[in-house]
Amino acid sequence: MLTLLQTGKLSSHHMILIYGRKYWDKVFNWRHMLRYGTINEREYKLLQFSDNVDDAFDRVRAEMEEHHLSIDEEQ
């Protein structure tokens with residue numbers, strides 16, 4: 001997703017939810033990628049981490065409601 005954002009193939013109104021921070025922090029050194037320019041500060045801020053399903057669902061729902069869904073309040 002980061003590559004798609006960087007190449008303009010994906011709009012910038014997307015969060016990137018990473019499930020299982022303990023694991024992924026060992027696989028990727030996010031700060032190192034930021035320091036060396038692999039990702040920029042804006043891209044780094046798109047990364048959100050969750051370690052449980054309920055929190056992940058809440059984050060995805062909030063993001064969808066804010067940027068992608070039109071809530072029909074008449075129902």
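A nonpolar core is a set of buried Ala, Val, Leu, Ile, Met, Phe, Trp, Tyr and Cys residues joined through side-chain atoms within 4.5 Å. Buried means under 20% relative accessible area, exposed means over 50%, and partly exposed lies in between (1.4 Å probe, protein chains only).

The model is predicted: local features need pLDDT of at least 70, side-chain atom pairs count only at pLDDT 80 or more, and totals for chains, interfaces and linings use all residues. Residues are numbered from 1 along each chain as its sequence is written, and side-chain values use heavy atoms, with hydrogens and water left out.

**Exercise 1. List the elements of the chain in order.**

Solution. 
Step 1. Use the rule: helices (H or I, at least four residues) and strands (E, at least two) are DSSP runs, numbered from the N terminus.
Step 2. Count them. The chain has five helices and two strands.
Step 3. The order is α-β-α-α-α-β-α.

**Exercise 2. Find the residues of the largest nonpolar core, and the elements that supply them.**

Solution. 
Step 1. Collect the members. The largest nonpolar core has 12 residues: Leu2, Leu5, Ile16, Ile18, Trp30, Met33, Leu34, Ile39, Tyr44, Leu46, Leu47 and Phe49.
Step 2. Assign them to elements. Two or more residues come from each of helix 1 (2–6), strand 1 (16–19), helix 3 (30–35), helix 4 (41–46) and strand 2 (47–50).
Step 3. Pick the main contributor. Helix 3 gives the largest share of this core, three residues.
Step 4. Zoom in on Leu47. Contact means heavy atoms within 4.5 Å. With neighbours within four places in sequence set aside, Leu47 is in contact with Ile16, Ile18, Trp30 and Ile39.
Step 5. Step back to the chain. Of its 75 residues, 24% count as buried. Among contacts between residues at least 6 apart in sequence, 61% join residues at least 24 apart.

**Exercise 3. Locate the salt bridges and say how exposed their residues are.**

Solution. 
Step 1. Side chains of opposite charge can pair when their charged atoms come close.
Step 2. Set the cut-off. A salt bridge is a side-chain nitrogen of Lys or Arg within 4 Å of a carboxyl oxygen of Asp or Glu. The structure holds three.
Step 3. Start in helix 2 (residues 21–27). Arg21 and Asp25 form a salt bridge at 3.0 Å, N to O. They are four residues apart in this helix, so about one helical turn separates them. Arg21 is partly exposed at 33%, and Asp25 is partly exposed at 34%.
Step 4. Move to helix 5. Asp55 pairs with Arg59, with the closest N and O atoms 2.9 Å apart. These two are four residues apart in helix 5, so about one helical turn lies between them. Asp55 is partly exposed at 26%, and Arg59 is partly exposed at 29%.
Step 5. Stay in helix 5. Arg61 pairs with Glu65, with the closest N and O atoms 2.8 Å apart. Arg61 and Glu65 are four residues apart in helix 5, which means about one helical turn. Arg61 is partly exposed at 47%, and Glu65 is partly exposed at 32%.
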